[in-house]
Amino acid sequence: ILEMLEEFDRIALAPLPGYAFYDELERILSGPNIHLKGVGLRLKARRLSSARKKHDCLIQSETCLMESGDPLEVSKTRIELARLFLAKGDRRQAMAQTLKVREGLTGLGERFFPDDLRHLLPADDRSAKSSASDRRTLTGMLDMLTALIPSPDVHDLLGQVVLAASGYVRAERSGLFWFEQQGTLLKGARNLTPDEVFGESFRANLSQVFASHTRGEPLCRTLTGDDGKSRRVLCLPVEEGVLYFDNSYDVHAFDFLDPAMQGGLRRVLGTAIKKVMEYGRIRQERDQLISQHSLGEDRPVDGGFLTDNARMQEILFQLDRAAGSDATILITGETGVGKELLARRVHTASPRRRQPLITVDLASIPETLVESELFGHEKGAFTGAQTQKRGRIELAHQGTLFIDELGEIPSGVQVKLLRTLQEHSFMRLGGSRVISSDFRLVAATNRDLAQEVKAGRFRQDLYYRVNVMPVHVPPLRERPEDIVLLARHFLKQFAAKYQRLEAVLTEEDHARLLSYAWPGNVRELRNVIERGVLLGSGAHINLSLPLDAKPSAGHPFADSPTLDELQRRYIAWVLERTKGRISGLGGAAEILGMKRTSLNARMKKLGLR
């Protein structure tokens, strides 16, 4: 359509109703489809008067089309480059581009090669055309096998398989449809997005994919859309999926693949995809083991949660029931109550337990880096982005993503996260390729998100999306039966760690533990017990509780606290006032006159969170 509009505009014919060349060109150049962008850049170059700008535009077009894997459109752009060099008198560069055109068009038919460039071909190339198709087939197969280069990224590996196969069969669009219990997933797509493939216009194409998968046989059809445009479609069933290819430029596309060649492709590509999937599972298991090891030997990795409280036992029962589904779970509660431990319990009890649990704490990440941390970025996406980085959402593919302190997410990132939760696909920061990630979300926050919605700091639609299975964890002071239970558990851990096996808690210690309000909850209790083991001697535990000494009414510093203790007391008091909220209007950081990241660092140093 764009080329037709360009022709109408060039010869000054009336444009089609509702269409204008420059409007369509602008829409395509700003869109995510790199194939259409490559074609649009070539048409834009025709309108430029500056040879330098025309050259730069054509080079960008060539780059986009090479990435899309369409040899015919790449050759069309190179034809324009050859003519440009010829007009500038650079015959050597013109010949080089013409030879690339010959190589790209071999096997597609002589009708595509321009007559005005034939004089630039070597004499033997003009006469030796009979074996060109065979050479092209062999070269294409070698290029496809060469492209199957190992990569540490499973998604990139699948993308390489699809791109290599797409280039060999000369497809315009391609992708791997993978069938799982959760549904049909699109992997390694080229010029296809989830919105397109599950939309109305792709329904007939998708039916061919399902038919090929059901029969276990290759299918090659010509489909005609509602717009009257024909598209050649090829489906090759492999493993638990179907490799899909189509081409709207050549009605004879894929005809060179006889049944024997189709069978060979299925075997080679199926084996490659199987190995990629096996590699992905092994890598995820290794990453999970590394992640668990990094937690430290004193933190449970099996989702264990000690409690004698009836309310907490009911919460654990609810979480264990919900773990078998893919429902999003929102865990709320004060800081230090064990929200992350509950998230690990959910993951361990879920069908995804053999896949990674990826954790991201938004409170510890500067706002400017939250989007990059969640979605990843491409090289050069922003200042300092020296290499490509995979985001936490991408790393959580087939596993569980735990977002701690969800209430800290910047408003600008909330929209992108909502769309990702809806479609399970996204693009890296600075990227143009759609990446799919099959993850299960567990989120936690110490904020009241309903109040944050009313205050306009949290999107209502995102709140409804994450609040599928809400769980509120009561603070430690509301479950006193757990205080001594957990204290004994931590004492056993740290006594073994610091070789203080004779250390015990006395009845007096129990009374002091029960009389304290524990504003820092379980995390604070753990720190108090560790400090008591370190500072005690023999069987004695030096149980020094924060704010334990009562200063006289006449002087607030009568107990001679250290500077760190004073800071700790004041920060704990401010956090209690703000109900654990750190950033935002009225948050602890604002009251203390500090940056959020500086306050987080100070709290970690002082044993607070």
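Visitor: What span should the 15 residues of helix α22 have, and how far apart are its end C-alpha atoms?

Guide: The expected span of a helix is 1.5 Å times one less than its number of residues. For α22 (residues 521-535) that gives 21 Å, and the end C-alpha atoms are 21 Å apart, which agrees. Helices here are DSSP runs (H or I, at least four residues), numbered from the N terminus. This is a predicted model, in which local features need pLDDT of at least 70 and side-chain atom pairs count only at pLDDT 80 or more, while totals for chains, interfaces and linings use all residues. Residues are numbered from 1 along each chain, and side-chain values use heavy atoms, without hydrogens and water.

Visitor: Which residues of α22 are buried?

Guide: Buried means under 20% relative accessible area (1.4 Å probe, protein chains only). Among them are Val 522, Leu 525, Val 528 and Ile 529. An α-helix has 3.6 residues a turn, so residues three or four places apart point the same way. The cover over the buried residues of α22 includes α20, α21 and α23.

Visitor: At what angle do α13 and α14 cross?

Guide: Axes are lines fitted to C-alpha atoms over the stretch in contact, and angles run from 0 to 180 degrees between N-to-C directions. The axes of α13 (residues 310-323) and α14 (residues 339-349) cross at roughly 40 degrees and come within 8 Å. Angles under 35 degrees count as roughly parallel, over 145 as roughly antiparallel, 65 to 115 as roughly perpendicular and the rest as oblique; therefore α13 is oblique to α14.

Visitor: Which residues of α13 and α14 meet?

Guide: Contact means heavy atoms within 4.5 Å. Leu 316, Leu 319, Asp 320 and Ala 323 of α13 meet Leu 342, Arg 345, Val 346 and Ala 349 of α14.

Key
Helices (H or I, at least four residues) and strands (E, at least two) are DSSP runs, numbered from the N terminus. Buried means under 20% relative accessible area, exposed over 50%, partly exposed in between (1.4 Å probe, protein chains only).
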